[in-house]
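Please look over the sequence and the 3D structure shown here before reading the briefing that follows.

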Amino acid sequence: MALGVESGLSWPGSHGGYRKQEGQRQRGQGKPTWGLPRAKKRLLWQLLLCAFGVSGLFLHRLHIVRYLEGLVPMGICPTDTRPLLRDNFTGGLRHWARPEVLTCTSWRAPIIWDGIFDPHEAQQEARRQNLTIGLTVFAVGRYLEKYLEHFLESAEQHFMVGQSVVYYVFTDRPEAVPYIALGQGRLLRVEPVLRESRWQDVSMARMHTLHEALGGPLGQEADYVFCLDVDQHFTGNFGPEALSDLVAQLHAWHYRWPRWLLPYERDKRSAAALGLGEGDFYYHAAVFGGSVAALRKLTAHCALGQQRDRERGIEALWHDESHLNKFFWLYKPTKLLSPEFCWDQQIGWKPEIHYPRLLWEPKEYALVRN
């Protein structure tokens, strides 16, 4: 990636002085500054500029890089495909309302953006089906006191409002779970879990724990389940328009990146590994959901992959998220949520983000992972 273009520059000794220097270089047997031929020096500068550009892209600290990223086209949903896409809760989708973003996948799954669905129709359909929706969250160690109360209070205001909801809080300190006033038809259950010695193990143990819960009481009382990280909070309506058999969340930092730049697991020894030509999008493990049967399959796949990696003495780059992305490559999600459903304000303003539903909390890893 080129970060700049040289134009209109006047170097010392230009014009006649430049020719004089050239003659000196020729008499000096063609060895310019640094002892490198000019062609190699030019290549070195190009490599350095490319390295700076890529590092800026990965570190997310160069605002100009984030701005230029917004110029990368997302693609459009083919016109002949649009009439065939009918959501199971919102009916026909208004693809024409968001021409600037991609609203469907190559396998004809909708990507839900604000404005392309009717929220009232989704709510009525969910009530007609008399659904109970589960919401799971892990609050282990200092994550509990730092994030859980705000998460649950905001969920009561915005998550599946008007629907029957059961919260499942998995924690190593059940007695410390704060009291939250719940609305009618909404329950909160606390499930004890062991505290792991490393935060990475807490993250990776989640899939096994969820698999067992989905095969037990949670799977018996919920029709659909969403699994969320605790270090975020709701800011807008997160309703039945998000429901489907298998739901994936586009990662807010990576939804415009070309596939070859996406941070998939590349170590071929890992069960989560994806080749350079594999992968569709990069999905965020902070939000995923679906029917009980589909999530049982997802959590079993990820837990087994993590177990195989442990037996080989390796660990996927992004832990359970790496295995989640491998699963969604093999088994395509039936609905994708746009970054509006889980947004990070540190990215800055983006014109396509109209109405964020979830916002990331500031990451204080030094505090909560100690």
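Strand E4 (residues 132–138), helix H5 (residues 143–158) and strand E5 (residues 164–171) make a β-α-β unit that is right-handed, in that the path from the first strand over the helix to the second runs clockwise with the strands pointing away from the viewer. Helices (H or I, at least four residues) and strands (E, at least two) are DSSP runs, numbered from the N terminus. This is a predicted model, in which local features need pLDDT of at least 70 and side-chain atom pairs count only at pLDDT 80 or more, while totals for chains, interfaces and linings use all residues. Residues are numbered from 1 along each chain as its sequence is written, and side-chain values use heavy atoms, with hydrogens and water left out.

**Strand E4 and its partners**
- E4 pairs with E5 in the parallel sense over seven bridges, where pairing requires that DSSP finds at least two bridges between two strands, and Thr-132 has Ser-164 as its bridge partner in E5.
- E4 also runs parallel to strand E7 (residues 224–228), joined by five bridges, and Tyr-224 in E7 is the bridge partner of Ile-133.
- Six of the seven residues of E4 are buried, so the strand is largely enclosed by the rest of the structure (buried means under 20% relative accessible area, exposed over 50%, partly exposed in between, with a 1.4 Å probe and protein chains only).

**Salt bridges**
- The count comes to twelve salt bridges, each a side-chain nitrogen of Lys or Arg within 4 Å of a carboxyl oxygen of Asp or Glu.
- Glu-156 and Arg-186 meet in a salt bridge at 2.5 Å, N to O; Glu-156 lies in H5 and Arg-186 in strand E6 (residues 186–192), so the pair ties together parts that are 30 residues apart in sequence.
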